[in-house]
Amino acid sequence: MTEDLTIYISGLYSGTNPQPGIGIARSIRLAYPDAKIIGVEYSNRCSGIHWHDFDDIWLQRPWQEINLDSHGEEIGKILDSGAMWISSIDLEIIWLADVFPLGHRNLLTPPKAGLSRIGKPAIPAFTGLPVKIPTFVTTEISDWELHAFCREHDWKVWLKGPYYEAVRTSTWAEFEHYRRVMANAWHTDKLFLQSHKTGYEESVMLSAYQGELLDCVYMRKRDLTEKSKTWAGDVADVPKEIIIPLRQIIRELKWSGGAELEMVRDAKDDLWLLECNPRFPAWVHGATITGRNLPGLLVEGASGIPSQDSPSQGDEFTRVVLEVPVNPEFPLPPLPEPYGGAIGHSLKHPSGLLQFAGRLHKTETQLAAKTNGSCTKPISGRNVIPQTFLNDLSGVDISGLQTPASIFFESTAAEYFTNAAKLSGSLSGPDLKVINAYSIKTNPDERLLKIALESGFLAEAISLHEVHKALSVGFKPEQVILNGPTKWWRRETLPADRFYSVFCDSVEELEQVIEEVNSGRVTTEFLGVRLRTPNIVSRFGIPIDSPDVFERLIEAIGKMPRSCKFGVHFHMASSNVGVGNWGHLFESMLRWCSSIEALTGRIIQCLDVGGGWFPDDMQRDSGSEYKKAINRISEVLPNVRVIIAEPGKAMAQPSMALAMQILEIRQAEGKAREVIMDGSIAELPMHFVHPHRILCRDEEMDTWKSLERGKSVLFGRLCMEHDIVASDVELPSNAKVGDVLVFCDAGAYDRSMSYVFGCG
Ligand SMILES: *Cc1c(COP(=O)(O)O)cnc(C)c1O
């Protein structure tokens with residue numbers, strides 16, 4: 001009877017990120033030695049077509065060329081003839097669910113309703129399992145919010161496509177790049193950004209037929225490929241607390257076919273569900289050789305024909321690489337053209353899966369349009385613009401500007417400084433002063449320095465040039481903090497007065513300054529050290545994790561004159577390392593400080609926690625995180641009397657904008673609009689570090705509005721390939737040459753690090 005069994009298996013790609021087809025065929029061959037197994041492929045480049053377990057290969061045209069209707073009909077005939085179909089291609093599974101809305105007893109893939117409930121990343125079907133879903137957002141929200149999500153999750157985030165494919169993006173530039181690549185590849189803007197979970201990777205693989213769970217196994221990855229795919233693993237029983245709800249879920253989903261739940265177990269032993277794949281995983285045969293033949297059970301469940309036992313050969317498996325003879329029917333094709341700019345394997349899959357995604361997406365939008373009576377709404381992604389920006393802009397004579405021009409947002413600047421001063425003031429008490437020091441280098445504009453002075457800020461200088469700038473706007477030396485490794489550059493200009501604080505960047509510098517304080521050449525209220533952050537790479541400060549340097553530091557602190565109070569400083573930009581990482585670092589710094597106090601017998605009276613905050617982060621949740629951090633200092637270091645924060649960009653970034661004019665608009669049919677601006681990345685050097693909210697005039701409403709997300713590209717005026725000031729934005733359809741666009745959030749390093757270029 002088993003010789004009557006015919007089973008079609010699709011998805012035979014067999015590279016380092018393989019499809020499961022070969023594994024499924026091997027497992028079924030063990031269960032049914034006489035079955036007829038037919039491999040289905042859409043490219044003769046998939047090496048799996050040469051695998052010896054296939055009795056025949058059904059080679060189809062690539063996905064971009066195939067006639068989907070007649071292919072669907074052919075499959076229908078195959079199923080009606082009694083043969084079974086196991087798909088291991090996600091997109092084919094999605095498509096088949098559409099072709100067979102009522103399912104088919106011989107189609108061993110899940111039904112449409114079930115599929116729709118395992119969508120990434122929420123995976124709603126599995127809410128009954130003892131697993132959590134890592135936090136995620138849709139990329140349809142504004143860039144401003146997406147950047148905040150990345151900071152909040154320490155830039156450990158994954159950009160995920162709608163079907164599959166996920167890329168780790170650890171910078172804003174990477175995120176922007178891959179968002180474009182993926183959106184183009186999958187023909188959709190609906191991507192997800194999900195926080196990364198660190199831990200051990202584990203999976204549940206299952207086999208089900210018409211809602212009945214036939215079997216499932218647990219697998220822990222024990223070795224990985226460079227793309228984090230399974231290379232070796234161990235197989236065990238699925239724990240009861242998963243099996244019981246799983247059985248119920250599979251029933252509700254009326255699931256047929258294989259499936260894999262991909263999870264991560266973190267250090268706290270929590271399980272996080274990352275994906276649910278609607279098919280067997282590629283390591284399926286690894287479980288079969290431990291005695292759990294899930295594809296065999298699936299065929300048994302569907303056919304009623306008992307399968308042969310697959311004896312256990314151990315409970316661990318690993319992969320090897322094998323050479324097999326090429327099937328003479330399918331001689332090797334010539335080498336493929338090199339393919340650049342792709343990510344992941346499915347994007348360069350030889351069978352044209354990408355184009356297939358495009359075709360699927362088109363049908364889906366047509367369907368949606370039919371059922372809604374309208375087209376699906378385009379994504380706005382519009383940034384929210386603070387009212388103070390608009391107030392400040394209303395006072396600017398835009399037509400009188402010589403663009404590109406920097407615009408000062410005075411009331412915005414005043415608000416940010418005032419709020420920071422208020423927050424610190426609210427934390428100060430009789431025994432504790434919490435103050436801010438404006439980082440001059442971030443933007444040394446006199447207008448900002450004046451507001452800082454009026455708001456009760458100190459000035460933080462990294463050179464004597466900066467000290468003199470501060471003095472020139474009215475700061476007194478006793479309101480100046482000296483920091484960084486080059487504070488003694490142009491030493492001859494050092495003022496004779498007493499500074500607020502001097503933080504030494506090395507033990508060598510500390511020893512030198514102690515000498516100078518002793519001889520009266522330098523006077524300062526606080527004398528301290530900058531500590532180099534352990535674990536996070538930095539070139540600044542004293543490397544306390546190096547035992548001999550630490551010993552020398554302790555010795556040098558012991559020699560500090562009693563006339564100076566002792567302070568400690570550290571600085572690491574939370575905007576780069578993320579808010580959570582900054583918190584860990586802060587905790588570890590407090591502990592180092594506590595050890596330094598214990599070892600030197602000198603109390604720390606001043607702690608300077610540096611700057612590096614993104615404007616929104618310091619005031620986040622009404623400053624509650626910031627308040628918590630300050631309170632923590634008093635707990636661990638009770639002798640601290642002064643806490644200093646050194647915000648630079650948190651104050652300066654929103655305080656200026658850059659106005660540019662449109663020089664030319666280019667429009668080719670079916671292509672994105674290309675716009676040439678008179679500004680450039682020379683005036684916007686932070687263009688790749690964080691988003692800039694861009695405003696254009698809305699003449700009708702007599703106001704400014706934020707550009708939406710879209711397909712226009714704004715090129716700078718420089719004759720440089722990479723001079724792109726914005727992409728993924730939509731220029732309003734009525735925009736014309738001569739219109740001015742205002743790039744906000746350009747008041748920090750965009751301003752101070754801008755350079756003159758291409759101006760003769
Ligand atoms: C640059 C700098 C700051 C300010 O950093 P921002 O990222 O602009 O907030 C603060 N402290 C020190 C010592 C600095 O060098």
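## Around the ligand

Among the 14 residues around the ligand, Lys 441, Thr 442, Glu 646, Lys 649 and Tyr 749 come nearest; a residue counts as near a molecule if one of its heavy atoms lies within 4 Å of it. This is a predicted model, in which local features need pLDDT of at least 70, side-chain atom pairs count only at pLDDT 80 or more, and totals for chains, interfaces and linings use all residues. Residues are numbered from 1 along each chain as its sequence is written, and side-chain values use heavy atoms, leaving out hydrogens and water.

Now look at some individual atoms. A polar side-chain atom of Glu 646 lies 2.5 Å from a nitrogen atom of the ligand. The side chain of Lys 649 has an N or O atom 2.5 Å from an oxygen atom of the ligand. Gly 612 takes part through its backbone: a polar atom there is 2.8 Å from a ligand oxygen.

## An open parallel sheet

Let's turn to the strands. Four of them form an open sheet in the order E3-E2-E1-E4, with parallel pairing. Strands here are DSSP runs (E, at least two residues), as are helices (H or I, at least four), numbered from the N terminus, and two strands pair if DSSP finds at least two bridges between them. Strand E3 (56–59) and strand E4 (84–87) stand at the edges with a single partner strand each, so one side of each has no neighbour in the sheet.

Strand E1 (residues 6–10) pairs with strand E2 (residues 36–41) over 5 bridges, and Ile 7 has Ile 37 in E2 as its bridge partner. Helix H1 (residues 21–31) packs on this sheet and touches E1, E2 and E4, where contact means heavy atoms within 4.5 Å. The direction of H1 makes about 160° with that of E1; axes are lines fitted to C-alpha atoms, for helices over the stretch in contact, and angles run from 0 to 180 degrees between N-to-C directions.

## Nonpolar cores

Which residues touch the most other members of the largest nonpolar core? They are Leu 510 and Leu 553, out of 81 residues. Such a core is a set of buried Ala, Val, Leu, Ile, Met, Phe, Trp, Tyr and Cys residues joined through side-chain atoms within 4.5 Å; buried means under 20% relative accessible area (1.4 Å probe, protein chains only). Helix H18 (residues 579–600) supplies the largest share, 7 residues.

The contacts of Leu 553 include Val 507, Leu 510 and Ile 596. A second, separate core has 37 residues, among them Leu 68, Ile 75, Leu 96 and Met 182.

Key: Buried means under 20% relative accessible area, exposed over 50%, partly exposed in between (1.4 Å probe, protein chains only). A polar contact is a pair of N or O atoms within 3.5 Å; within protein, one must be able to donate a hydrogen and the other to accept it, and residues adjacent in sequence count only if both atoms are side-chain atoms. Lists of a residue's contacts leave out its neighbours within four places in sequence.
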